[in-house]
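Here are a few notes from my pass through this model. Have it open while you read, and check the points in any order you like.

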Amino acid sequence: MHHFHYRGNELYCEDVPIQKIAAEVGTPLYLYSHATLKRHFLIFNEAFEGIDRLVCYSAKANTNLALLKLFANLGSGLDIVSGGELYRGLKAGFSPDRIVYSGVGKRVDEIDYALNTGILMFNVESLEELAVINQRAGLLAKKAPVAIRVNPDVDPGTHPYISTGLEKNKFGIDTKTAIEGYKVASRLENIDVVGIDCHIGSQITEAKPFEDALKSLERLITELKALGIKIKYLDMGGGLGITYDAESPPHPREYARAIIDSLQGVDLQLILEPGRVIVGNAGTLITRVLYRKAAPVKEFVITDAGMNDLMRPSLYKAFHAIQPVVKTAHAPIKADVVGPICESGDFLAVDREIPDVKQGDLLAVMSAGAYGFTMSSNYCSRLRVPEVMVADERFYVVRARQTYEDLVAGETIPSFLNS
Ligand code: LLP
């Protein structure tokens with residue numbers, strides 16, 4: 001139960017008819033269910049009951065301040081990948097000592113920002129980065145808490161663009177070099193070695209890759225012990241998948257069980273960085289049908305949302321279920337659901353059986369809460385769409401639709417062009 005459900009023929013989000021929201025806010029719009037977000041976070045966190053752990057919600061999946069605030073209120077930490085995410089996290093009230101920072105390309109200004117903020121740890125992804133963090137910490141008279149992000153070379157069995165724990169991926173440091181890294185780090189004056197980290201990929205639908213990664217990390221933990229290098233945290237990253245179509249990923253409780261069972265004998269605080277599993281099925285993209293068009297070989301349903309609003313279908317050929325906001329008795333049709341962008345790759349669905357919609361009808365593109373709005377863009381000078389949070393029988397616009405002024409904010413025409 002995701003709190004998106006039909007009452008009669010009408011799709012509701014919690015106690016609000018989606019039609020009503022679309023009429024008031026306009027389309028396209030992203031819609032989030034507060035109850036679902038909350039429930040998903042609590043289920044995930046409680047799955048690790050009895051284990052010393054910190055769940056750090058992965059901001060990149062959805063960085064809207066209202067969502068961040070909700071997770072901060074629920075006791076979450078935050079996983080960030082940029083200075084911008086740190087800024088948002090602090091604005092939403094996350095305590096700095098619950099923030100972890102991963103990413104292969106941390107800039108000096110971002111490192112300084114995180115050092116001055118006093119985050120829990122940097123997940124370091126290269127030896128060069130380690131040297132820069134040490135140098136910046138020295139200049140700022142700080143000690144930088146670091147974990148090394150290990151690339152355990154396991155196949156997460158997911159889309160190549162979102163696999164991150166294979167040797168050929170740019171992420172982390174291979175297990176051999178990692179030990180060297182730890183030796184170097186433990187001698188650096190301004191570095192405090194506090195943890196070990198990995199993140200092997202996203203939308204992972206079985207427990208095995210996580211178990212394999214843990215085994216690899218455990219071997220390293222044993223080696224570190226032998227070297228007298230003491231750490232406090234074991235960060236397992238994120239990656240647990242969700243059901244978009246017919247996938248059956250492990251329930252958070254099964255995922256937790258697999259991790260806890262593999263953890264026997266490891267005396268470290270566990271950190272987890274879930275993103276998609278918390279927010280993915282808590283959000284939908286609501287779009288209106290602009291036109292229907294029958295080409296000789298295909299039927300097209302042209303919607304007011306396009307690839308700039310939801311990039312996943314175009315980028316990964318990702319499947320998002322599409323449901324009518326008001327059900328009709330008409331027989332379904334097979335069509336491509338496409339957006340207004342000037343590219344053939346601009347589609348939400350290809351050869352999909354969908355309701356026989358008419359101009360003006362509303363469609364809900366499901367499972368769009370994760371990597372939906374955060375990956376959207378202004379391509380073709382289309383305005384970023386609003387985000388709306390429903391809580392019980394009320395709804396709140398948590399991000400306004402952009403205006404044409406917003407679109408050109410910050411741009412200037414140099415004076416020589418005006419003369
Ligand atoms: N931790 C790190 C270091 C990450 O890089 C990621 C995601 C996460 C945690 C959260 O992973 P999750 O629990 O959401 O799987 N845009 C792609 C997904 C890219 C994931 C990037 N990293 C998509 O739309 O499928």
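Contact here means heavy atoms within 4.5 Å. Keep in mind that this is a predicted model.

1. Start with Asn134, which sits in helix 6 (residues 127-139). Which residues does Asn134 touch, leaving aside those up to four places away in sequence? Leu188, Glu189, Asn190 and Ile191. Buried or exposed, then, for Asn134? Asn134 counts as buried because its relative accessible area is 13%, and the cut-off for buried is under 20%.

2. If you want a sense of distance, take Asn134 and Ser76. In sequence they are 58 residues apart, and from C-alpha to C-alpha they lie 28 Å apart in space.

3. Next, helix 5 (residues 108-117). Its buried residues are Glu110, Ile111, Asp112, Ala114, Leu115 and Thr117. What do the buried residues of helix 5 pack against? Helix 4 (83-91), strand 7 (99-101), strand 8 (121-124), strand 9 (144-151) and helix 6, the helix that holds Asn134.

4. Now Lys60, in the loop between strand 5 (53-58) and helix 3 (65-73). UniProt, in an unreviewed entry, lists Lys60 under "modified residue: N6-(pyridoxal phosphate)lysine". Leaving out residues up to four places away in sequence, Lys60 touches Asp79, Val81, Glu85, Tyr371 and Thr374.

5. The largest pocket has a volume of about 640 Å³. It is lined by 32 residues, and those closest to its centre are Lys60, Thr164, Phe171, His199 and Tyr371. So two names from the previous point come back here: Lys60 and Tyr371 are in contact, by the heavy-atom cut-off of within 4.5 Å.

6. What is the lining of the largest pocket made of, by class? There are 11 nonpolar, 12 polar and nine charged residues. As for where they come from, domain 1 (4-32 + 280-408) and domain 2 (34-279) each supply at least three residues to the lining.

7. Last, the annotated domain. The unreviewed UniProt entry puts "domain: Orn/DAP/Arg decarboxylase 2 N-terminal" at residues 36-279. Over that stretch the chain is 41% helix and 17% strand, and the C-alpha atoms at its ends are 8 Å apart.

Notes:
Residues numbered from 1 in each chain as written. Predicted model: local features only at pLDDT ≥ 70, side-chain atom pairs only at ≥ 80, totals over all residues. Heavy atoms only, no water. Helix = DSSP H or I, 4+ residues; strand = E, 2+ residues; numbered from the N terminus. Buried < 20%, exposed > 50% of the residue type's maximum accessible area, 1.4 Å probe, protein only. 1 Å grid on protein atoms, 1.4 Å probe; cavity = no way out; pocket = protein on both sides within 12 Å on 5 of 7 lines; lining within 4 Å. Points joined across faces, edges and corners; volume = space filled by probe spheres on them. Nonpolar A, V, L, I, M, F, W, Y, C, P; charged D, E, K, R; others polar. Domains from an automatic or database assignment. UniProt positions renumbered as here; feature names shortened; annotations may be inferred.
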